[in-house]
Amino acid sequence: QERKKFGPLGWNIRYEFNDSDLETSRTVLKMLLNDEDEAIPWDALLFVTGDINYGGRVTDDLDRRLLLAILKKYYNPEIIEDKYMLSDSEIYYVPSGFEVNEYKKYIDSLPGTDDPEVFGMHENANITY
């Protein structure tokens, strides 16, 4: 939802992703993580989320490449390592550990406004929107 303020910036076509896309992706993520005994099925997660759940709406080939590139930043083995960086500024990262209080503390430390960096955009995206 927060990404909507930037409109179609970065995409060739405007897509109407909605809450059901997110909920379906979340359900599949939980199901695949609970079903696997050994390794996390990164390729399956990427395929189901990128090519089926969200990718079913994406009709432009370059937009599909963009969608998969964005998802690969989150669906990869490095994300479960300590302090995986989600941005160059090091403001946005995955907190280490599994304690709820650590996550709450980190969330409270985040900026109050949605910086374009959190979506992988340059700060000049704020000029447009």
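A residue counts as buried under 20% relative accessible area, as exposed over 50%, and as partly exposed in between. Please bear in mind that the model is predicted.

With a relative accessibility of 21%, F17 is therefore partly exposed. Y54, at 16%, is buried.

Let me turn to the aromatic rings. The count of aromatic pairs comes to three. One of them joins F17 and Y54 in an edge-to-face arrangement, with 5.3 Å from centre to centre and 75° between the planes. F17 belongs to the segment before helix 1 (19-35), while Y54 sits in the loop between helix 2 and helix 3, so this pair ties together parts that are 37 residues apart in sequence. Together with Y15, F17 and Y54 make up one aromatic cluster. Elsewhere, K83 lies over the face of Y93, at 4.6 Å from the ring centre.

I come now to helix 3. Its 14 residues, 61-74, should span 20 Å at 1.5 Å a residue, and the end C-alpha atoms are 21 Å apart, which agrees. Which residues of helix 3 are buried? They are D63, L67, L68 and L71. Viewed down the helix axis, these buried residues fall within an arc of 135°, so they line one face of helix 3. In general, an α-helix has 3.6 residues a turn, so residues three or four places apart point the same way. Helix 2 (42-53) is included in what covers the buried residues of helix 3. On the face turned away from the buried side, helix 3 carries the exposed residues D61, L62 and R65. Finally, at the start of helix 3, a side-chain oxygen of D60 comes to within 3.0 Å of the backbone nitrogen of L62.

Notes:
Residues are numbered from 1 along each chain as its sequence is written. This is a predicted model: local features need pLDDT of at least 70, side-chain atom pairs count only at pLDDT 80 or more; totals for chains, interfaces and linings use all residues. Side-chain values use heavy atoms; hydrogens and water are left out. Helices (H or I, at least four residues) and strands (E, at least two) are DSSP runs, numbered from the N terminus. The expected span of a helix is 1.5 Å times one less than its number of residues. Buried means under 20% relative accessible area, exposed over 50%, partly exposed in between (1.4 Å probe, protein chains only). The arc is that of the directions from the helix axis to the C-beta atoms. Contact means heavy atoms within 4.5 Å. A polar contact is a pair of N or O atoms within 3.5 Å; within protein, one must be able to donate a hydrogen and the other to accept it, and residues adjacent in sequence count only if both atoms are side-chain atoms. Rings of Phe, Tyr and Trp (its six-membered ring) pair if their centres lie within 6.5 Å; planes under 30 degrees apart count as stacked, over 60 as edge-to-face and the rest as tilted. A charge sits over a ring if NZ of Lys or CZ of Arg is within 6 Å of the ring centre and within 35 degrees of the ring normal.
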